[in-house]
Each structure stands twice: as C-alpha cells, then as structure tokens.
Amino acid sequence: MPHEATRLREEFGTVDERVARLNARYKNHSATSVLELALRDAELGRIALVSSFGAESVVLLHMISVIKPTTPIVFIDTQMLFQETIDYQLELIEKLDLRDVRRIQPTPATVAKIDPDGTLNQRDTDACCSLRKTVPLQEAMDGYDAWITGRKRFQAGTRAALDFFENELDTRIKINPLAHWAPEDVKDYMINNRLPRHPLVAKGYPSIGCAPCTSPVKDGEDPRAGRWRGQEKIECGIHFVDGKMVRGPLPVTDSTVGTEKGDAA
C-alpha cells in the first residue's frame with residue numbers, strides 16, 4: 001500500500017469509514033460545493049479528475065477551472081478516438097486554462113503484442129477496452145487516493161442510489177459531484193456558462209467513445225444506443241461492482257450502483 005494511502009488509513013480509518021463520513025458531511029451540499037470542499041478535504045488525499053472530454057465533460061472541467069485549475073486531469077487517449085475529441089480537448093485546455101492535463105495511452109509494446117494491426121475491437125471489444133482504456137487508467141490511478149467522475153443518477157437505473165462518495169475496492173474513493181443532477185441541470189450549466197459543446201453532439205452523437213465503436217443516434221433512441229451498437233456491452237470496464245469490472249447489463253440492486261453508463265466526466 002502506498003505511503004499516503006497508509007497514512008490516510010491510520011489517521012482517518014478505512015475507505016468504507018471515510019466514505020460514510022463524507023456522505024453524511026456533504027449530503028445537503030450542491031455539486032459545486034461538494035467539489036470545492038472535497039478538493040481540500042484531508043480525508044480524501046491525492047485527487048485527480050478522470051475525463052473523457054466527451055459530450056458532458058465540459059461541466060466538471062469548467063468547475064475545476066474555476067475552483068482549482070491545477071487539479072490533475074487524467075485523459076485516456078485510446079489511440080482510437082475521434083479527431084474531433086482530440087481537437088476538443090486542446091480547445092478546452094486553452095479556453096479553460098487547465099494546467100495539468102495528463103494524457104495517458106497504452107504502451108506501444110503492449111499494443112504491438114496484443115493488437116498489432118489495430119483490429120482487436122472487431123474481434124473482442126472487451127479485450128480492446130481493457131488494453132486501451134482499463135489497464136492504462138488503473139496504472140495511472142496508482143498515484144491517487146480519490147478520483148472525480150461525472151456519473152449521475154439519471155444515467156441508469158443501477159445508479160438510482162448513487163452517492164457523492166463511493167468506495168472503490170477498498171483502495172480509493174470515487175467522487176461524484178453531479179450525482180443528483182438531472183439532464184436539464186447539465187444543459188443549463190453549459191448554456192449559462194457559455195461552454196463549447198463537443199462538435200460531434202450536433203452530428204447526432206450524444207455519447208462519445210472510440211471512433212470504431214461509436215455511431216450516431218436517431219431521434220427517440222437511448223443516448224447510449226450508439227455505443228457498441230448491436231452488442232449487450234454497455235461499459236468499457238473502468239468502473240467496478242463487487243470487485244469486478246462491469247461488462248454488460250446488470251440487475252438493479254444496491255450492489256450495482258457503481259455501474260458505469262456514461263462518460264467518466
């Protein structure tokens with residue numbers, strides 16, 4: 001266990017104990033208040049924002065830029081993203097004055113070994129997500145005690161009881177400042193703060209992942225219908241339920257509130 005994680009456990013107790021206290025402490029706070037206070041709460045230790053720079057990511061990125069622009073922002077470049085996502089990332093870094101964006105990628109040697117011709121996604125999407133997203137993120141998170149996500153209760157039935165703070169594998173804490181927001185809150189925040197939208201949203205992409213596995217969504221379809229279209233897969237594997245990476249639909253129970261069905265942030 002890293003030194004800082006050991007110190008946090010000795011000083012403040014287990015991850016479970018800290019999560020319970022944090023949720024009780026901040027249960028009546030707004031999203032911006034939760035984020036601002038969390039960034040300076042000693043019980044959370046080292047914090048990073050994990051952002052996909054996707055359709056709704058600009059909300060948390062803007063909040064960070066106002067509250068603490070030096071916060072580390074981890075951006076997973078799978079090397080299969082839309083060029084529009086890469087361009088949008090660069091635009092937001094400049095516009096919002098984000099000062100510590102860390103672009104992580106799978107190692108060239110691992111890609112050469114597992115997916116030398118770049119077609120793994122056509123044969124095994126889970127393996128491709130693991131190679132290009134899950135493993136690089138897990139390695140990047142080794143240096144942090146908590147991370148900020150953009151997950152919200154409205155995104156899935158499995159999130160109906162999503163709290164501001166969650167225990168991730170008794171290792172670190174997930175912070176979900178937007179947990180209680182409705183779709184209208186996201187839209188209003190973007191409009192009121194005149195934030196630029198991801199250019200693919202206007203082209204029918206309400207949820208944006210890697211280019212080979214994301215397609216436009218028709219009117220009336222679920223916003224996530226364009227992700228891994230035609231498959232049961234709904235998740236890339238960066239979130240966990242009962243110690244396992246989420247790979248597909250799960251029954252709605254108290255233990256599945258950690259299921260991911262939206263952008264990391």
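Here is a short chat about cysteines and a helix pair in a predicted model.

Student: Hi! What should I know about the model before we start?

Tutor: It is predicted, so local features need pLDDT of at least 70 and side-chain atom pairs count only at pLDDT 80 or more, while totals for chains, interfaces and linings use all residues. Residues are numbered from 1 along each chain as its sequence is written, and side-chain values use heavy atoms, with hydrogens and water left out.

Student: Is Cys213 buried or exposed?

Tutor: Buried, at 17% relative accessibility. Cys210, at 23%, is partly exposed. Buried means under 20% relative accessible area, exposed over 50%, and partly exposed in between, with a 1.4 Å probe and protein chains only.

Student: New topic: at what angle do helices H4 and H5 pack?

Tutor: H4 (residues 58–67) and H5 (residues 83–96) pack at about 25°, with axes 10 Å apart. They are therefore roughly parallel, a label for angles under 35 degrees. Helices here are DSSP runs (H or I) of at least four residues, and axes are lines fitted to C-alpha atoms over the stretch in contact, with angles from 0 to 180 degrees between N-to-C directions.

Student: Which residues make the contact?

Tutor: Val58, Leu61, His62 and Ser65 of H4 meet Tyr88, Leu92 and Leu96 of H5, with contact meaning heavy atoms within 4.5 Å.

Technical notes:
Helices (H or I, at least four residues) and strands (E, at least two) are DSSP runs, numbered from the N terminus. Angles under 35 degrees count as roughly parallel, over 145 as roughly antiparallel, 65 to 115 as roughly perpendicular and the rest as oblique.
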